[in-house]
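Let's take a walk through this model together, starting with its charged pairs and ending with a helix. Have the sequence and the structure at hand as you read.

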Amino acid sequence: MNTNPAGNGEFGQRPATSGPIVPKTASEALRPEAGTPPPKRSRASRSQVVVFMNFVISSVMLMVLAAGVAVYFGKQEFTEPGPSANGDTFLVKPNTGVQDIADQLERRGLISDARVFRLGVRAFGNDSALKAGEYEIKPRASMRDIMELLKSGKSVMYSLTVPEGLTVEQALQRIADEPALSGDMPATTPPEGSLATDTLRFTRGATRQQMVDKLLADQKKLVDDVWQRRAPDLPLANVEEFVTLASIVEKETGKGDERSRVAAVFLNRLAKGMRLQSDPTIIYGLFGGKGKPADRPIYQSDIQKQTPYNTYVINGLPPTPIANPGRAALEAVANPSKTDDLYFVADGTGGHVFAATLDEHNENVARYRALQKKQADDAAKAAKTTGADDSNAVKPTDSGPTDSGPTGGPADGAEDSGGDAGAAQ
């Protein structure tokens, strides 16, 4: 065994020290010794540039974190159900910016935060994609739902109906009374019979002039198309006479299966030089485009009143149409039934019975009168049975068929709505 005390690194040997050994008390021996001090900071780490860059990086990280939180909650608010429990319509006027749209939506209670809506629209790249129009916002619609709706351009649509048989004046009144339209009425009234009978669909803000222009253009196209396909032997000089006769047919009957036969009666009479004797022409001659008041009957004395439109006293057609004819009436005149009929009278059920001879027509008139009398008698009996005042019972009036005229066959007194008029000699 090596017991050399000078040997370095031997097990159990204390290394040599360079100084004297100082003995320690027990408390000093138990006291922990100081650790190795940290290295001194370099001069570069104390640089103002480094300090500033550390601040910038920390600030950017905080901003990114805050932005992420804001985007998260903003997206939640943008897509969650909206505050409106009932929904509403919302009008976007032309050239309205996203900020104005967002502010209006918030004021109307349709969205919760205009800023979130504005930022959401821009985030989806729809800043310039929102379209003008009137939109129906559904209950609880989210901001995203509203954005997509305004982007689609699917506006609320309104309808304007001009029924067959209205005069131009009556049709213009409907246009003037439509609250969803804007602008003034045309300064000049279009000619009678020149407006299409149709239902127009439009969005709020469309002008009244646009509606009139559309109806004028549609009617002209329709009339030209039907006139080009007319039968070759019509006793009509021009397209104006064609529209005039179609307007009379329109007012005489509302039954589709009768129009071509009613047209044939009038065309047969024109070909023979007979007067048309149509009750609606009496009405137009008396009241013009305003139409007959509902409480005004047609009196027997009206039949012989001298007006340019009364086809009981004038030969041929009136100077202008008496209403706006629809497609069915125009088609009926352009291609009428092939028949020898010269007369027709109401049958009491909303239709008419036709006749080729005056004798047959007079029999039809007699049957119609008998039916009218029976209806009046039944109404009077019913009134007596119930004890009601019979002042409102149906009674024959002098607006019904008469036996005036050289051959005893004038019409049966049509109301302004047409449908139960008759033609005679």
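Which residue forms a salt bridge with R296? The model is a predicted one, and in it the partner of R296 is D302, with the closest N and O atoms 2.9 Å apart. Both R296 and D302 are buried.

Now turn to K290, whose side chain meets that of E169 in a salt bridge, at 2.9 Å from N to O. This pair ties together distant parts of the chain: K290 sits in the loop between helix 10 (279-287) and helix 11, while E169 belongs to helix 6 (residues 168-177), 121 residues away. K290 counts as exposed because its relative accessibility is 63%, whereas E169, at 36%, counts as partly exposed.

Within helix 7 (residues 208-228) you will find K220 and D224, four residues apart, or about one turn of the helix. Residues three or four places apart in an α-helix point the same way, because there are 3.6 residues a turn. K220 and D224 form a salt bridge, their closest N and O atoms being 3.0 Å apart. In total, the salt bridges number 15.

Finally, look at helix 9 (residues 259-272), whose 14 residues reach 20 Å from the first C-alpha to the last, close to the 20 Å expected. Its buried residues include V262, F266 and R269. Among the elements covering the buried residues of helix 9 are helix 8 (239-252) and strand 5 (343-346). Just after this helix, G273 adopts a positive phi of about 75 degrees.

Notes
Residues are numbered from 1 along each chain as its sequence is written. This is a predicted model: local features need pLDDT of at least 70, side-chain atom pairs count only at pLDDT 80 or more; totals for chains, interfaces and linings use all residues. Side-chain values use heavy atoms; hydrogens and water are left out. Helices (H or I, at least four residues) and strands (E, at least two) are DSSP runs, numbered from the N terminus. The expected span of a helix is 1.5 Å times one less than its number of residues. Buried means under 20% relative accessible area, exposed over 50%, partly exposed in between (1.4 Å probe, protein chains only). Contact means heavy atoms within 4.5 Å. A salt bridge is a side-chain nitrogen of Lys or Arg within 4 Å of a carboxyl oxygen of Asp or Glu.
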